[in-house]
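Trainee: I have a chain open on my screen and would like to talk it through with you. Could we start with one residue and then move on to the whole chain?

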Amino acid sequence: MPSHLLHELRRKYHHWMAVIFDNNIDEIAIRHVIWLAALEDEWGLLELGCRYATGQSMPKNPDIAMQYWHRAFSKNGSFSKYAAANIADFYLRGVCVAQHSNEAMNWLKIAAELGHPESQYNYGLAFIDGIDAEQNHTKGIEWLNLAAKAGVPEAVAVLQKLGSI
């Protein structure tokens, strides 16, 4: 069997096993998540970062979480928006990195542009309030509308308060 097919087969097997066992036998699920990360699978890298961030089945270690999220983001796949949102959150709260609102806004913008709904909401609020962005109600409302269309109820509430719905 060609090596690229074997790699893909391993990746799919470990993904399937991680998802199947995630809700009931966590020690089995985490073994498969670790394998996925070793295979440089984007979801596996993101998930392992989340496990390190929360301490679920792994020792809590925000530094390692951030490393896995950066690796997941570098894959430029469908999970990059989640990795960018997590990185933005760590910069915003100063978790394992110096609290840096400009860096948080850079990552928030990336996540919003990639279609992460909560990031679109927060990025829109930043424009409305002028927090680390120029105050620009038009841009803010555009981002809030995207978040509202994606199902973020807080975005709908803000748009209603602003009279934009």
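Trainee: Which residues does Ser-119 touch, not counting residues up to four places away in sequence?
Mentor: Keeping in mind that this is a predicted model, Ser-119 touches Ala-85, Leu-108, Ala-111 and Ala-112, once residues up to four places away in sequence are left out.

Trainee: And is Ser-119 buried or exposed?
Mentor: Ser-119 has a relative accessible area of 3%, and because buried means under 20%, Ser-119 counts as buried.

Trainee: What does the side chain of Ser-119 join up with through a polar contact?
Mentor: The side chain of Ser-119 is joined to that of His-116 by a polar contact of 2.8 Å.

Trainee: Which helix does Ser-119 lie in?
Mentor: Ser-119 lies in helix H7, which covers residues 117–129.

Trainee: Okay, switching to the whole chain: how many helices and strands are there?
Mentor: The chain has nine helices and zero strands, so that, read along the sequence, its pattern is α-α-α-α-α-α-α-α-α.

Trainee: What box do the C-alpha atoms fill?
Mentor: Taken along the principal axes, the C-alpha atoms of the chain fill a box of roughly 60 × 30 × 30 Å.

Trainee: How much of the chain is buried, and what about its accessible surface?
Mentor: Of the 165 residues in the chain, 41% are buried, while the accessible surface comes to about 9100 Å², with 54% of that surface belonging to carbon and sulfur atoms.

Key:
Residues are numbered from 1 along each chain as its sequence is written. This is a predicted model: local features need pLDDT of at least 70, side-chain atom pairs count only at pLDDT 80 or more; totals for chains, interfaces and linings use all residues. Side-chain values use heavy atoms; hydrogens and water are left out. Helices (H or I, at least four residues) and strands (E, at least two) are DSSP runs, numbered from the N terminus. Buried means under 20% relative accessible area, exposed over 50%, partly exposed in between (1.4 Å probe, protein chains only). A polar contact is a pair of N or O atoms within 3.5 Å; within protein, one must be able to donate a hydrogen and the other to accept it, and residues adjacent in sequence count only if both atoms are side-chain atoms. Contact means heavy atoms within 4.5 Å. Accessible areas come from the Shrake-Rupley method with a 1.4 Å probe; for residues, only the protein chains shown count as cover.
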